[in-house]
Amino acid sequence: MADIEYLKSKLTSHPDFPKKGIVFLDMFPILRDPLAFETLITNFIHHITSSTIPKLSPNGKIDVVVGLDARGFLIGPIIALRLGAAFVPVRKKGKLPGKTLNAEYEKEYGVDTFEMQEGAIQPGQSVIVVDDLIATGGSAKAAGELVSKAGGKTLEYLFIIELLFLKAASKLDAPLYSIVQSED
């Protein structure tokens with residue numbers, strides 16, 4: 001697909017960031033280019049409306065788009081608006097007011113906690129989870145646990161970039177869609 005190759009060409013690699021041995025794939029150049037950004041959003045919307053909704057949604061729509069802290073906040077609200085869905089942020093512990101639901105996930109050096117405001121997702125709602133990149137899958141899995149605790153149903157996890165060699169899809173409770181797949 002020409003669109004995917006176009007988006008791949010916009011990604012930049014940063015060796016040894018954030019630490020030695022890691023090659024960081026930077027998606028911010030896509031956001032700086034309006035045509036690339038529109039191509040990205042259009043790719044997600046096409047996938048959701050032609051595949052996710054017809055194959056996975058029991059009510060024929062997406063009720064909620066969950067975006068992960070922080071880059072999921074950049075694409076999630078746009079996708080939600082295009083779908084006529086609510087946007088719900090999942091944030092790191094202590095960043096949301098009011099009562100929250102919590103889910104822990106393992107990081108490279110310890111454990112972190114994601115939170116979502118209570119009542120943000122209603123029982124039975126159809127949900128998709130979006131973020132920029134999936135590596136080990138820990139944060140996405142925690143977001144799925146929050147959706148489940150709220151009574152929602154995660155239909156699919158969507159990412160700009162998937163690091164295939166880390167096999168994150170096997171940890172998730174719903175299918176995974178990624179636009180760009182990387183083997184290293």
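Begin by selecting helix 4, residues 72-83, which lies across strand 3, strand 4 (86-92), strand 7 and strand 8. Helix 4 runs at about 165° to strand 4. Please note that the model on display is predicted.

An open sheet is formed by 7 strands, and their order is 5-6-4-3-7-8-9, with mixed pairing. At the edges stand strand 5 (100-107) and strand 9 (176-182); each has a single partner strand, so one side of each is left without a neighbour in the sheet. On average, neighbouring strands of this sheet are turned by 20° against each other, direction ignored.

**Strand 7 and its partners**

Now select strand 7, residues 126-134. Is this strand largely enclosed or open? Strand 7 is largely enclosed by the rest of the structure, because 8 of its 9 residues are buried. On one pairing, strand 3 (residues 64-68) joins strand 7 in the parallel sense over 4 bridges. To see one of the paired positions, select V65, whose bridge partner in strand 7 is I128.

Strand 7 also pairs with strand 8 (residues 153-163), again in the parallel sense, and this pairing has 8 bridges. Select S126 and K153 together: S126 stands opposite K153, which belongs to strand 8.

Continue from strand 8 to strand 9. These two strands run parallel and are joined by 6 bridges. Here I161 has V180, in strand 9, as its bridge partner.

**T52 in helix 3**

Move to helix 3, residues 34-56, and select T52, which is placed in this helix. Is T52 buried or exposed? Its relative accessibility is 0%, so T52 counts as buried. Leaving aside residues up to four places away in sequence, T52 touches H47, S57, I62, I128, L155 and E156. One of these, I128, is the strand 7 residue already visited as the bridge partner of V65.

**Helix 1 against helix 3**

The crossing in which helix 1 passes helix 3 is left-handed.

Which residues bring the two helices together? From helix 1, select D3, I4, Y6, L7 and K10; from helix 3, select L35, A36, T39, L40 and N43, which they meet. Classed by type, this contact comprises 6 nonpolar, 2 polar and 2 charged residues.

Conventions: Residues are numbered from 1 along each chain as its sequence is written. This is a predicted model: local features need pLDDT of at least 70, side-chain atom pairs count only at pLDDT 80 or more; totals for chains, interfaces and linings use all residues. Side-chain values use heavy atoms; hydrogens and water are left out. Axes are lines fitted to C-alpha atoms, for helices over the stretch in contact, and angles run from 0 to 180 degrees between N-to-C directions. A crossing is left-handed if the near helix is turned anticlockwise from the far one by less than a right angle, and right-handed if clockwise. Contact means heavy atoms within 4.5 Å. Ala, Val, Leu, Ile, Met, Phe, Trp, Tyr, Cys and Pro count as nonpolar, Asp, Glu, Lys and Arg as charged, and the others, Gly among them, as polar. Buried means under 20% relative accessible area, exposed over 50%, partly exposed in between (1.4 Å probe, protein chains only). Two strands pair if DSSP finds at least two bridges between them.
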